[in-house]
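Please read the paragraphs below with the model open beside you, going from one region to the next in the order in which they are taken up.

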Amino acid sequence: MPGTASDAPQARSATKTLGVGGFAGFASCVLLQPFDLLKTRMQQEQKHAGPKPDERRTQRLVRHFRHVVRHDGWRGLWRGTMPTVVRNVPGVAAYFYTINELRWLVAAWQVPMLSVGGATHATGGSSSTLARLSTAGNLVTGATARVAIGFCLNPITIVKARYESSHYARTAYPTILSSLRAIYRDGGFTGFFRGFSATALRDAPYAGLYLAVYEHTKQLLGRFATYDRSGNAWVVSASGLTAGTLATVITQPFDILKTRMQTTPSAMLSMPADKVGIVAMTRHVLATDGLGAFADGLGLRCARKAASGMIGWSIFELGSRYWNT
């Protein structure tokens with residue numbers, strides 16, 4: 001049965017939700033872009049073809065860092081920031097808005113297995129501004145929202161990856177519009193969704209696990225906190241940090257496949273662009289670099305995702321608390 005009017009969470013202002021979400025996305029992508037760039041450089045590299053096939057990951061990270069700074073200066077660490085902003089600001093805003101509205105609908109209509117009985121919205125002493133759902137509800141709504149937004153923004157995701165990759169010169173992708181034209185010229189309309197299968201397999205469990213762990217951690221930490229108007233920022237931040245780290249580790253292999261699929265030129269794969277699928281790329285990675293390649297960039301991605309989750313959710317939760325009270 002649908003929840004009663006007294007139980008149902010109240011819809012929040014779309015403008016405020018999008019505004020807070022957009023600011024959260026802007027802050028995280030500008031501050032953390034160097035992590036993304038270095039992660040992409042490490043993940044794109046075939047170790048057997050590198051200058052030192054036996055060097056350790058830390059040594060590879062330092063080598064890539066020095067290479068970027070030496071050739072492009074410190075500003076080079078922020079290469080790809082523009083497509084990151086173009087993707088993340090509307091993307092994060094749309095994700096927060098979608099997850100907020102989706103949870104509101106699920107809670108209001110008391111969907112079996114996804115909703116919880118009784119009061120459906122966190123009020124008063126709670127640390128959350130979101131509608132309260134079951135663990136399954138957190139998993140499903142998080143995965144649904146993330147994959148839907150990821151599908152819409154996949155073309156920009158490819159541009160972002162190629163801006164960060166050393167396989168593509170600056171002159172090859174001078175602007176975002178020319179980059180989109182080049183992708184269409186090389187692979188047609190389907191070229192805009194190259195790597196989406198791996199992206200979906202990464203984002204669906206990531207977003208679902210993130211939201212489930214995030215909400216559960218807030219409940220655990222909430223037992224040690226006394227809530228006020230600020231909502232205890234440390235609870236939100238620590239929950240985002242924990243959820244981001246755990247979800248990142250579990251979904252790492254698919255991030256490797258996504259990066260390789262979107263940044264590796266077809267000539268290097270000896271196969272047409274439209275044949276570069278998850279299975280083919282998995283075989284290619286295993287054949288060229290072995291199973292250990294799936295851990296490339298894990299430390300950077302953990303740091304980036306954990307910090308991004310902490311920054312993004314802190315801004316969203318605390319901003320929503322202030323703007324909607």
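Glutamine 110 sits in the loop between helix 3 and helix 4, where helices (DSSP runs of H or I, at least four residues) are numbered from the N terminus. This is a predicted model, in which local features need pLDDT of at least 70 and side-chain atom pairs count only at pLDDT 80 or more, while totals for chains, interfaces and linings use all residues. Residues are numbered from 1 along each chain as its sequence is written, and side-chain values use heavy atoms, with hydrogens and water left out.

The phi of glutamine 110 is positive, near 50 degrees, in a residue other than glycine. Most residues other than glycine have a negative phi. Methionine 113, also placed in the loop between helix 3 and helix 4, has a positive phi of about 75 degrees although it is not a glycine. Methionine 113 counts as exposed because its relative accessible area is 72%, given that exposed means over 50%, buried under 20% and partly exposed in between (1.4 Å probe, protein chains only).

Which residues have the most contacts inside the largest nonpolar core? They are Tyr95, Phe96, Ile99, Tyr210, Tyr214, Trp313 and Phe316, in a core of 20 residues; such a core is a set of buried Ala, Val, Leu, Ile, Met, Phe, Trp, Tyr and Cys residues joined through side-chain atoms within 4.5 Å. At least two residues of this core come from each of helix 1 (14-44), helix 3 (81-108), helix 4 (135-152), helix 7 (196-222), helix 8 and helix 11 (298-323), and helix 7 gives the most, with six residues. Apart from neighbours within four places in sequence, isoleucine 99 is in contact (heavy atoms within 4.5 Å) with Thr141, Gly142, Ala145 and Leu211.

Histidine 64 belongs to helix 2 (residues 57-72), and it counts as buried because its relative accessibility is 9%. Residues up to four places away in sequence not being counted, histidine 64 touches Leu38, Arg41, Met42 and Glu45.

Turning to the cysteines, cysteine 29 counts as buried because its relative accessibility is 0%, and cysteine 302 is likewise buried, with a relative accessible area of 13%. A search of the whole structure finds zero disulfides (pairs of cysteine sulfur atoms within 2.5 Å).

Leucine 246, finally, lies in helix 8 (residues 233-263), and it counts as partly exposed because its relative accessibility is 42%.
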